[in-house]
Amino acid sequence: MPTSTPRDYVISARNLTKHYGDFAAVDDISFDVPAGESFGLLGPNGAGKSTTMRMIGGVSQRTSGSLTIMGLDPEQHGPQVRAHLGVVPQQDNLDEELRVRDNLLVYGRYFGLPMSYLKPKADELLEFAQLTDKAKSKVDSLSGGMKRRLTIARSLINEPKILLLDEPTTGLDPQARHVLWDRLFRLKESGVTLILTTHYMDEAEQLCDRLVVVDKGKIMAEGSPARLIREHSTREVLELRFGSERNTTVAAELQGIGDRLEPLPDRVLIYTHDGEAALEQVTSRGLHPITSLVRRSSLEDVFLRLTGRSLVD
Amino acid sequence: MTENLLQPSGRSAARQLTNEDYRIEVQTRRFTALYSRNARAVISRGLRATKSSNWLIMVSGFFEPVLYLISMGVGLGALVGTVVGPGGEAISYAAYIAPALLAVSAMNGAVYDSTWNVFFKMNFAKLYQGMLYTSLGPLDVAIGEIFLALLRGAMYATGFTAVMGLMGLITTPWALLMIPASVLIAFGFASFGMAITSYMKTFQQMDWINFVMLPMFLFSATFYPLSVYPQGIQWFIQTLPLWHGVELLRQISVGTFTAATSIHILYYLVMILTGMVLTTSRLRKLFLK
């Protein structure tokens, strides 16, 4: 934790809690985000990430705890706070009754921005989203990926200082994801604060300076991706597949290899600092997996370690 | 402002966001949490959307009272003949029910726009979800939607009044006042409708609204005078908003004004005020969950 006063944080959450009836969607979480940081909330569906995002935007009321965005409480100063936010919700909520370019113009009007600013800005953002030739199309004629890009373009219409991205690349093909990551990286370079939820660990590793791992509304761990991996996992992982029937039974015979053993229904994971050496030990015990793979530890492993469950189920 | 935010070359080192950029002035106006004085953005969005897609729905709303007027006023009216109007004069049955149908149409349009329409845009089209992630507050959205509903109501009322004129049912220039009076009626219902929607969770609950509206339409002295009821029922009908709307428009249509006219208008002014206060107090429940 850097030792700075709370004033330097653009987002500050203390004991933030949100209940829906008896269910605690967000359960007593605290975190701070300094200006210009790229901060991630990593966790499975239903972990409370989207609810947290909605509270940051001031469109969901917290049950208890405190929350300030750029020093203001979003519940008390919603419109003022949101003037500086860009929001990409998990599900596209484009205006289906308007055409593509009009979606950008009308959305900009919601911020009270003048048309003289919005018209060139809309064209620039269409270019960015590679939708220039679709400017006059109806929204429902766009593909899923195009809609996503338009939603992201729309979130930038007010040149936000804080960009909230809820699962931004879900449903995008790999190429489109990399384009988007590149754009987000440039925004970050220009000093925009990014708040990102994702259940893709590669996305979190690529984009986040720091992240919290959330599960069932609670923060399980916090740190940079590299630090989390260092603290909660080993350097390498050996993945072995023995066929779905045998994985669990073989696990018993693998005891003692590596630092830790994680039998899963479809594979067995061995956590170790040296994957190749571990694989040699396995074969020397007369065990011959159908496939074997040595890889670097990822946030997926961190999550598995912390919760006992996989991130994507 | 127009510089390119997205290309690294477009943003010089001087345009890097600094701590200054992350500072915002605290505003202390009333309703800052709910209102950004930008309802016109919601209105212009509504007009743009209507222009591109909603024409058919718009037109159907105009025809409904006209069809009633033709079938009941002209068709049924042939059997009924003339009846006694608000000023004691004899008028055709069509002229008798036409202002009542206009009041019903103002009520239906306003209630539809402030309940089903809002419920759908909130829960299914997710339109408000997008709006509320901008500088707009729920009060901007509510005012914008109510204004749009009233604008539509004014257009229908104008069209219907024109049809009455073409059918020879208008005998005095006072009848033109039916148009603003319809807007007043619509405002009364719309301001309440949105507050009621804030209590609704499912489509089944939304159906209760129709369950209240239909009997009100049929029994609010729409098709026959209040005097057919026994005294107790008369009193009950007189507490209902639609009866006041029907009577108000019926009086205006023939240019007969009495003390009751001001009571009808007052009823609606109180209804609008109460409805707006209630709606405003329910905005968080309606829009911010």
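Let us start with L164(A), which touches M53(A), I56(A), G57(A), L85(A), G86(A), V87(A), V88(A) and I195(A), leaving aside residues up to four places away in sequence. Here, two residues are in contact if their C-beta atoms, placed from the backbone, lie within 7 Å. The model is predicted: local features need pLDDT of at least 70 and side-chain atom pairs count only at pLDDT 80 or more, while totals for chains, interfaces and linings use all residues. Residues are numbered from 1 along each chain as its sequence is written, and chains are lettered from A and ligands numbered from 1 in the order in which they are written.

## The nonpolar cores

L164(A), L194(A) and A103(B) touch the most other members of the largest nonpolar core, which has 149 residues. Helix α3 (residues 93-114) of chain B gives this core its largest share, 16 residues. Another core, of 13 residues, lies apart from it and includes V237(A), L240(A), I257(A) and A278(A).

A nonpolar core is a set of buried Ala, Val, Leu, Ile, Met, Phe, Trp, Tyr and Cys residues joined through C-beta atoms within 7 Å. A residue is buried if 20 or more other C-beta atoms lie within 10 Å of its own, exposed if 12 or fewer, and partly exposed in between. Helices (H or I, at least four residues) and strands (E, at least two) are DSSP runs, numbered from the N terminus.

## A sheet in chain A

In chain A, four strands make an open sheet in the order β11-β12-β10-β13, with antiparallel pairing. Its edge strands, β11 (260-263) and β13 (291-296) of chain A, each pair on one side only. From one strand to the next, the twist averages 20°.

Two strands pair if DSSP finds at least two bridges between them; β11(A) and β12 (residues 268-272) of chain A have four, in the antiparallel sense. Within this pair, E262(A) stands opposite L269(A) in β12(A).

Helix α8 (residues 203-219) of chain B is hardly covered: the count of buried residues among its 17 residues is one. Just after α8(B), A221(B) takes a positive phi of about 60°.

Next, look at L226(B), in the loop between α8 and α9 (231-239) of chain B. L226(B) is partly exposed because 16 other C-beta atoms lie within 10 Å. L226(B) touches A221(B), Q234(B) and I237(B), not counting residues up to four places away in sequence. L226(B) and I237(B) are 11 residues apart in sequence and 8.2 Å apart in space, C-alpha to C-alpha.

Methods: Axes fitted to C-alpha atoms, helices over the stretch in contact; angles between N-to-C directions.
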